[in-house]
Amino acid sequence: MDEVYDVVVLGTGLTECILSGLLSVEGKKVLHMDRNDYYGGDSASLNLTQLYRKFRPDQPPPTELGRDRDYAVDLIPKFIIASGELTKILVHTDVTRYLEFKQIAGSFVYRDGKISKVPSTEIEAVKSPLMGLFEKRRAKKFFEFLQGWKDDDPATHQGIDLDRDSMKTVYEKFGLEPGTQDFIGHAMALYLDDDYITKPARPTYDRIILYTSSMARYGKSPYIYPLYGLGELPQSFARLSAIYGGTYMLDKPVHEIVTDQSGKFVGVRSGDEIVKAKQVIGDPSYFGSGKEAEGGKLRVVEDGRVIRAICILKHPIPGTEDSDSVQIIIPQNQVNRRNGMYHLPCSCITLLTLL
C-alpha cells in the first residue's frame with residue numbers, strides 16, 4: 001500500500017471493472033479495491049449464503065432451497081441486448097473468452113390482465129393477441145416505414161422529420177392505437193415512462209432499430225445473458241486488468257478519500273495505510289452518496305431511486321410457455337403507475353425492478 005499508482009479504482013461494479021481493464025490495457029498502473037469479499041459490488045451475482053448474509057444476516061438459508069452453487073442471484077438484474085454497446089465492448093476487448101452466454105427464451109408484455117409474447121417471427125406476429133387484424137396491418141406499415149428509412153432519401157420519409165416531429169406525430173400518422181403505442185414504447189424501445197412521446201422521434205427510431213436488429217441476430221429474443229449471472233461481467237474485466245498488471249484487493253475497507261488543503265485528491269486511506277495516486281475512480285457509495293463532506297460540499301447528489309425485489313419461485317411463471325428465462329414488461333398505463341415495471345425471471349428466480 002506504500003506504492004504510488006496512476007489510478008485507484010474503488011468498487012468492483014461493472015463500470016469500475018470496465019474502466020480498470022481499459023486503463024490497465026493502456027499501460028496505467030492500477031490499484032482496484034473493494035470493501036466486499038466478492039467481485040461485482042451492486043452488480044454482483046450472489047450465491048445463497050451471500051444473499052442471506054446481505055439481506056437477512058441473522059437467518060441461515062433454508063435447507064429446502066438447495067445448494068449454494070445452484071444460485072447466482074443478480075443484485076441489479078439486466079439482460080444484454082444482442083447488438084448493443086455493451087456487446088460491442090465485450091467483443092472489442094476480447095473478454096468474451098472468459099464468458100459463456102445463453103439466449104433469453106423470449107420477451108413478454110402484460111396487457112389487459114394477460115401476459116403475451118412479443119412476436120419474434122412473422123408467424124408469431126400473425127397469431128399474436130396483442131393487436132387486432134386491422135391494427136396489425138397498420139403496425140406492419142409503421143415498421144416497414146422505420147426499416148425503409150434512409151436519411152439521404154426524402155422519398156422514404158413520408159413527410160416525417162425524425163429530428164423535429166414528435167413520436168406522437170409518427171404514431172398518429174399510422175393510426176396506431178394506445179395499446180400498440182404502449183407495446184412499442186415499452187417492450188421494444190424500452191422506455192421507462194411515456195415522456196418520450198412528446199419528444200423528437202429520432203431516439204425512439206434508433207431504439208426500435210436496435211431492438212429489431214438484435215432480434216434478427218439470434219432469433220427468439222433480442223437478449224443474451226451470462227450463463228453464471230451478471231457478476232461474471234465485472235469479473236471478466238477484472239481478469240483483463242490483472243493480465244495487464246492491475247492489482248486487486250477484496251475485503252479492503254476504504255475509510256477516507258484523502259485530499260490536500262485545496263481539495264485535490266491525494267490518496268485513499270484504509271486503516272492506518274494510505275495509498276497515493278494521481279486519480280481516483282469509484283462507485284458513488286465510496287464518496288458519500290449525498291452526505292455532506294467537509295466544507296459543506298456534496299460529492300454525490302442522489303436524484304432518484306429504484307425499487308427491486310428478488311422472488312425465489314419453484315415453478316415457471318404462468319403464461320410464459322414454461323420458459324426458464326424471460327423478460328416480462330408491464331407498461332405504466334397497465335397498472336396506473338408513473339413508470340413501467342420489468343420482471344426478469346431466470347431459472348425460476350424472479351428479479352423484479354420497479355422504476
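Analyst: Happy to! Let's begin in helix α3, where E85 and K88 are three residues apart and so separated by about one helical turn. Helices and strands here are DSSP runs numbered from the N terminus (helices H or I with at least four residues, strands E with at least two). Please keep in mind that this is a predicted model, in which local features need pLDDT of at least 70 and side-chain atom pairs count only at pLDDT 80 or more, while totals for chains, interfaces and linings use all residues. Residues are numbered from 1 along each chain as its sequence is written, and side-chain values use heavy atoms, with hydrogens and water left out.

User: What do E85 and K88 form with each other?

Analyst: A salt bridge, with the closest N and O atoms 3.7 Å apart. The term stands for a side-chain nitrogen of Lys or Arg within 4 Å of a carboxyl oxygen of Asp or Glu. By that rule the count comes to 13 salt bridges.

User: Which residue does R138 pair with?

Analyst: R138 forms a salt bridge with E177, and their closest N and O atoms are 3.6 Å apart. R138 lies in helix α5 (residues 133-148) and E177 in the loop between α6 (167-173) and α7, so the pair ties together parts that are 39 residues apart in sequence. Both ends are partly exposed: R138 has a relative accessible area of 28%, and E177 has 35%. The picture widens with E135, which is linked with R138 and E177 in a network of salt bridges.

User: How do the axes of α3 and α9 cross?

Analyst: In general, two packed helices are described by the angle between their axes and the distance between the axes. The axes of α3 (residues 85-93) and α9 come within 12 Å and cross at roughly 30°. They are lines fitted to C-alpha atoms over the stretch in contact, with angles from 0 to 180 degrees between N-to-C directions. Angles under 35 degrees count as roughly parallel, over 145 as roughly antiparallel, 65 to 115 as roughly perpendicular and the rest as oblique. α3 and α9 are therefore roughly parallel to each other. α3 passes α9 in a left-handed crossing, meaning the near helix is turned anticlockwise from the far one by less than a right angle (clockwise would be right-handed).

User: Which residues form a nonpolar patch on the surface?

Analyst: V25, I243 and Y244, with about 280 Å² of accessible area together. Y244 sits in the loop between α9 (232-243) and β10 (247-249), and is partly exposed, with a relative accessible area of 45%.

Methods:
Patches are made of residues with over 30% relative accessible area and no salt bridge: like charges are joined within 9 Å, nonpolar side chains (Val, Leu, Ile, Met, Phe, Trp, Tyr) within 5 Å. Accessible areas come from the Shrake-Rupley method with a 1.4 Å probe; for residues, only the protein chains shown count as cover. Buried means under 20% relative accessible area, exposed over 50%, partly exposed in between (1.4 Å probe, protein chains only).
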